[in-house]
Amino acid sequence: MQLFTSILFSGVVVSSSLSSTYALETNPQECLPDFDASIDYFPDKFVPDETTDLLSITYHKTYKIVTNKYHNKSYLLYQCGTKPPADEVDSGKHHLVLPI
């Protein structure tokens, strides 16, 4: 659980005045008051140790999908202040959809 918490909460606060040409240096720590869909809000990407095949993470600009391969469950984690992708939510394939 500690590893999962570390993945969820890495980053720093982001200003609402970001433009599409702005690149974040670290992941936001708080909800975004406004967001630009063209910005990657997860520039710090955790890569599971290459010796494990139990966890995978796929990153997208405003959300990430963490998959526990042992339990065959995936979790859609989206940046607080953005909207989760409707197609992913509607697919019903994620065990939990959670703003982070």
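Buried means under 20% relative accessible area, exposed over 50%, and partly exposed in between (1.4 Å probe, protein chains only). Helices (H or I, at least four residues) and strands (E, at least two) are DSSP runs, numbered from the N terminus.

The model is predicted: local features need pLDDT of at least 70, side-chain atom pairs count only at pLDDT 80 or more, and totals for chains, interfaces and linings use all residues. Residues are numbered from 1 along each chain as its sequence is written, and side-chain values use heavy atoms, with hydrogens and water left out.

**Exercise 1.** List the elements of the protein chain in order.

Step 1: count them. The chain has two helices and four strands.
Step 2: start at the N terminus. The order is α-β-β-β-α-β.

**Exercise 2.** Describe strand S1 and its pairing with S2.

Step 1: sort the residues of S1 (55–59) by face. Leu55, Ile57 and Tyr59 make up the covered face. Ser56 and Thr58 form the uncovered one.
Step 2: find the pairing (DSSP must find at least two bridges between two strands). S1 and S2 (63–68) run antiparallel, joined by five bridges. Leucine 55 has asparagine 68 as its bridge partner.

**Exercise 3.** Find the disulfide and say what it ties together.

Step 1: apply the rule (a pair of cysteine sulfur atoms within 2.5 Å). Cysteine 31 and cysteine 80 qualify, with S to S 1.7 Å.
Step 2: Cysteine 31 sits in the loop between helix H1 (2–8) and S1, and cysteine 80 in the loop between strand S3 (73–78) and helix H2 (86–91), so the bond ties together parts 49 residues apart in sequence.
Step 3: check the cover. Cysteine 31 is partly exposed at 47%, while cysteine 80 is buried at 18%.
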